[in-house]
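Morning, everyone. Please have the sequence and the model open while I talk.

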Amino acid sequence: MPVLDGYRVLDLSLAMAGPLAAMRLGDLGADVVKIEPVTGEWQRHTAAGQAAGNEINASFLALNRNKRSLAVDLKQDSGRELVLKLAAESDVFLQNYRPGVAARLGMDYESIRAVRPDIVYVSISGYGESGPYVDRPGQDLLLQGLTGALHSTGRAGDPPQAGPYFVADAVTAYSAFEGVLAALLHRERTGEGQRVTVNMLDAMIAMQMQELSVRTVGGVRQDRGHEIHAHSYIRAPYGIFPTRDGHLALAFADPAVLGEEFGDPGLAKWDAERDGFRHRDEIARAVAAHLLRDTTESWLRRLGGRGVWVGPVNSYDDVLTDPQVLHNGSFVSYDHPTEGRVTTPGFAFTMERTPPSVQRGAPTCGQHTAEILGELGLDRAEVDRLLRDGAVA
């Protein structure tokens with residue numbers, strides 16, 4: 001039996017952070033009901049990379065498996081009453097509306113707690129529930145820039161470089177997922193529900209626990225060098241270096257070992273811990289020059305054979321055929337009713353007795369409306385009336 005079998009989650013979120021958190025709960029067996037507008041959630045109409053799909057774009061499909069869709073107009077009293085009735089039979093309520101929207105729709109914590117006192121209510125926002133930034137847009141790139149990490153990589157004088165994926169959304173999603181599990185455990189022990197608030201700002205700051213502590217506790221400034229370097233708080237050489245035919249990831253290498261392999265006594269004289277920070281640029285410059293003289297595969301073999309931490313710099317196509325990725329089963333493939341055979345990233349963890357799994361693909365908008373309303377006790381005539389009125393779709 002899946003570990004969250006028997007728990008119902010109402011997912012009123014949109015875009016990435018909320019839907020990803022809810023999907024992870026679905027992966028563990030929760031009955032996740034996606035409450036979306038009758039025209040469909042925003043992500044249905046915004047295809048990342050123009051990957052539109054047949055009926056469901058890749059972005060929505062990737063973030064909404066293991067869910068059922070109830071398409072309902074929350075601005076209509078009849079639609080709002082349906083969701084409140086459903087909330088009374090649910091365990092988790094998750095939303096990431098802009099501040100104030102949940103209250104206007106009657107979907108705030110007090111309204112939901114009135115019908116289900118022990119509900120675990122999760123509110124996700126960009127910057128928090130109040131404060132000077134409360135009305136700012138909580139978008140991934142903006143949070144990456146705000147929380148400082150972009151000044152830890154690259155070269156001095158170069159513009160800050162954003163992460164190549166939606167790191168703020170992903171970290172926030174996993175923070176919400178963690179919060180839900182903790183709150184459910186508390187409820188199991190005490191019978192008490194509670195509100196869980198998660199915001200992207202705090203999640204991104206918490207993720208940088210080590211780096212920010214180096215600044216606040218150790219007093220070390222966040223200064224970038226002038227040569228290749230991937231992190232201002234790590235000793236050289238550390239970064240992505242060009243080779244004769246590509247690139248190589250090199251981490252925490254001992255200059256003495258590199259100097260021996262390169263035949264460079266000048267490099268070999270540097271002490272890793274003492275000089276790796278003080279002479280960061282000189283070390284990086286020397287290493288970069290040597291690595292250009294041979295191929296990536298050759299350096300992987302030569303340096304790896306000496307115990308140096310090296311690795312390839314893969315494209316997505318490389319990742320899909322990587323032997324360890326294939327061994328781990330990092331991707332899952334399944335048949336989707338409108339998109340055919342699809343392959344997407346799988347699960348961040350597994351469990352021996354209750355592993356996560358794909359029970360259903362991402363739903364079409366309102367695919368399960370009649371099914372879910374039937375579970376609430378509405379007969380076919382009542383469902384048809386709501387459909388005619390546009391309260392559901």
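Which residue is the bridge partner of S333 in β11? The partner is T343. Strand β10 (residues 331-336) and strand β11 (residues 340-345) run antiparallel, with six bridges joining them. Two strands count as paired if DSSP finds at least two bridges between them. A hairpin of three residues takes β10 into β11.

Some ground rules. The model is predicted, so local features need pLDDT of at least 70 and side-chain atom pairs count only at pLDDT 80 or more, while totals for chains, interfaces and linings use all residues. Residues are numbered from 1 along each chain as its sequence is written, and side-chain values use heavy atoms, leaving out hydrogens and water. Helices (H or I, at least four residues) and strands (E, at least two) are DSSP runs, numbered from the N terminus.

Now the open sheet. Six strands line up as β3-β2-β1-β4-β5-β6, and the pairing is parallel. Its edge strands are β3 (67-71) and β6 (194-199), each pairing on one side only. From one strand to the next, the twist averages 20°. Angles run from 0 to 180 degrees between N-to-C directions, and axes are lines fitted to C-alpha atoms, for helices over the stretch in contact.

Look at β1 (residues 8-11). Four bridges join β1 to β2, and the two run parallel. V9 has V32 of β2 as its bridge partner. Helix α3 (residues 77-87) packs on the sheet and touches β1, β2, β3 and β4 (92-95). Contact here means heavy atoms within 4.5 Å. The direction of α3 makes about 150° with that of β1.

Next, helices. How far apart are the end C-alpha atoms of α7 (residues 167-190)? They are 34 Å apart. The expected span is 1.5 Å times one less than the number of residues. Just after α7, G191 takes a positive phi of about 80°.

Helix α13 (residues 280-291) passes the same check: 12 residues should span 16 Å, and the end C-alpha atoms are 17 Å apart, which agrees. Buried residues of α13 include I283, A284, V287 and L291. Buried means under 20% relative accessible area, exposed over 50%, and partly exposed in between (1.4 Å probe, protein chains only). The buried residues of α13 pack against several elements, among them β7, β8, α10 and α14 (296-304).

Stay with α10 and α14. Their axes come within 11 Å and cross at roughly 120°. So α10 and α14 are oblique to each other. The cut-offs: under 35 degrees is roughly parallel, over 145 roughly antiparallel, 65 to 115 roughly perpendicular, and the rest oblique. L258, E261 and F262 of α10 meet W299, R302 and L303 of α14.

Most residues other than glycine have a negative phi, and most peptide bonds are trans. Q50 has a positive phi near 60°. Q50 sits in the loop between β2 (31-36) and α2 (58-63). Is Q50 buried or exposed? Exposed, because its relative accessibility is 76%. F252 also has a positive phi, near 55°, and lies in the loop between β8 (247-251) and α10 (255-262). At 35% relative accessibility, F252 is partly exposed. Finally, a cis peptide bond joins A236 and P237, with omega about 0°. P237 belongs to the loop between α9 (209-216) and β7 (239-242).
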